[in-house]
Protein chains: 2
Amino acid sequence: MPRKTKEETEQTRRRILDVALDVFAETGYTRSSLQDIADRAGFTRGAVYWHFKNKADLFAALGDDIEGESIEAFEDLSRLRNRQDLQRVLCDYLARLETDERFGTFSRVVWYRTEWVEELEPLLRSSRHELRDLVQWMVAALRQLASLGEIDPRRDPQKDGLALYIHFVGIYTIWMTDPTVLSMVDDAPGHLKSFLDGLAPRPLADAD
Amino acid sequence: MPRKTKEETEQTRRRILDVALDVFAETGYTRSSLQDIADRAGFTRGAVYWHFKNKADLFAALGDDIEGESIEAFEDLSRLRNRQDLQRVLCDYLARLETDERFGTFSRVVWYRTEWVEELEPLLRSSRHELRDLVQWMVAALRQLASLGEIDPRRDPQKDGLALYIHFVGIYTIWMTDPTVLSMVDDAPGHLKSFLDGLAPRPLADAD
DNA sequence: GACAAGATACATTCATGGATGTATGTTTGA
DNA sequence: TCAAACATACATCCATGAATGTATCTTGTC
């Protein structure tokens, strides 16, 4: 039954996107066939090819749809005024993985259900690389906070940035590979806070 | 030219294994074809099918060949006598990723070049799951050290075990996704040591 | 406001290629 | 000479992508 309402058309597009995320999460990107996606969405491959150029394009559309401006929180350093701001940025991102199911699932697909191949580099770049570049951002963030007197000036921001990155990636990866081990909302903030507090100017006597 | 010496036969088997590791690392498991592997090894698929049942079997053989008794270091807790022992076990494992190139490459293939699918579960289990189960081991290890007076008894081994696991997985993952960010041999020990030292009975005054 | 005309939103079909697995050669070392 | 150690050939399957079919919504026109 062709030629539907614009609204119906948009529904089928979203339906395909939703099913694709599930299928990718179950089967992995490479082994997922457009046939299977179309079947489970209740359409044929014709519908998929109408809305998306091919599987890679479908995957990219999924990313655009889900990620949106998620990582933009890491963009502007100037807004970081104290350690708590930094903690909030990091924890908000982590918490969203748990809160926003589609975001969490998609991230898991990107990291652990998709074999890295050159063809997919531009698609994975947005997700994988942004996370990879986070070290630099963290070092810069710590420098910024140090200049504001929020961090002991005698510390090495390079080294602390790496340590912070280790914490972040560790939490990220553990949750990715097994969400039952820790909770992004309940456990992550405590770990990051205790680490960031350890960077404070005076060890434990800042009762100002 | 069939019917070779036993030694020659073993050479082709190893050659196929070596090439397979390279191909898997480059192309990813799913997209690697036995055709490509055979070509680059200088044989035909016939040779591959002679030595291995199929691709999954080849992958499993690779794992057996490389991993060997690598994780057995984590087996017996009883040998842990002090914090340094624990640090050594962890650091040795991490360092081996960098030192033993085949081990490092294979681990990367398992985690980041292979889409998780049911068919491969028994194969990935040995690598992925052992790492996943490490939390439990770490908690137990910390309990053991606490009973030996190596760790402040007022601390929570459950929480510290998770924190240690976060460190370990963080370092592991960062190196996996980009080995240039940190060195397993040079950087990892320092990070783990400073964490473990923080668990000592008396904060900073144990100059016994 | 009714009615073509054309575009849309798919379904169907087909051609192609690539990968797998198996069956069958073929040569030579033991 | 037999069987090991491959090479070759073959049958099968499945996914892709494009081409084509088609029914219906939309739009312009009177």
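A: Happy to. Helices here are DSSP runs (H or I, at least four residues), numbered from the N terminus.

Q: Before we use that, what kind of model is this?

A: A predicted model, where local features need pLDDT of at least 70, side-chain atom pairs count only at pLDDT 80 or more, and totals for chains, interfaces and linings use all residues. Residues are numbered from 1 along each chain as its sequence is written, and chains are lettered from A and ligands numbered from 1 in the order in which they are written.

Q: Thanks. So what should helix 1 of chain A span?

A: Its 22 residues (6-27) should span 32 Å at 1.5 Å a residue, and the end C-alpha atoms are 31 Å apart, which agrees. A:Gly28 follows helix 1 of chain A, with a positive phi near 90°.

Q: Which residues are buried in helix 1 of chain A?

A: A:Ile16, A:Leu17, A:Ala20, A:Leu21, A:Val23 and A:Phe24. Buried is 20 or more other C-beta atoms within 10 Å of a residue's own, exposed is 12 or fewer, and partly exposed is in between, with C-beta atoms placed from the backbone. Their cover includes helix 2 (34-41), helix 3 (45-51), helix 4 (55-67) and helix 6 (101-112) of chain A.

Q: And what about helix 8 of chain A, which residues are buried there?

A: There they are A:Leu134, A:Val135, A:Met138, A:Ala141, A:Leu142 and A:Leu145. They cover an arc of only 120° around the axis, which puts them on the same side of helix 8 of chain A. That arc is taken over the directions from the helix axis to the C-beta atoms. On the face turned away from that buried side sit the exposed A:Gln136 and A:Ser147.

Q: New topic: how many residues of chain B are in contact with chain A?

A: 28 residues of chain B are in contact with 28 of chain A, counting pairs whose C-beta atoms, placed from the backbone, lie within 7 Å. Helix 9 (157-177) of chain B gives the largest share of chain B's side, 11 residues.

Definitions and conventions: Two residues are in contact if their C-beta atoms, placed from the backbone, lie within 7 Å. Helices (H or I, at least four residues) and strands (E, at least two) are DSSP runs, numbered from the N terminus. The expected span of a helix is 1.5 Å times one less than its number of residues.
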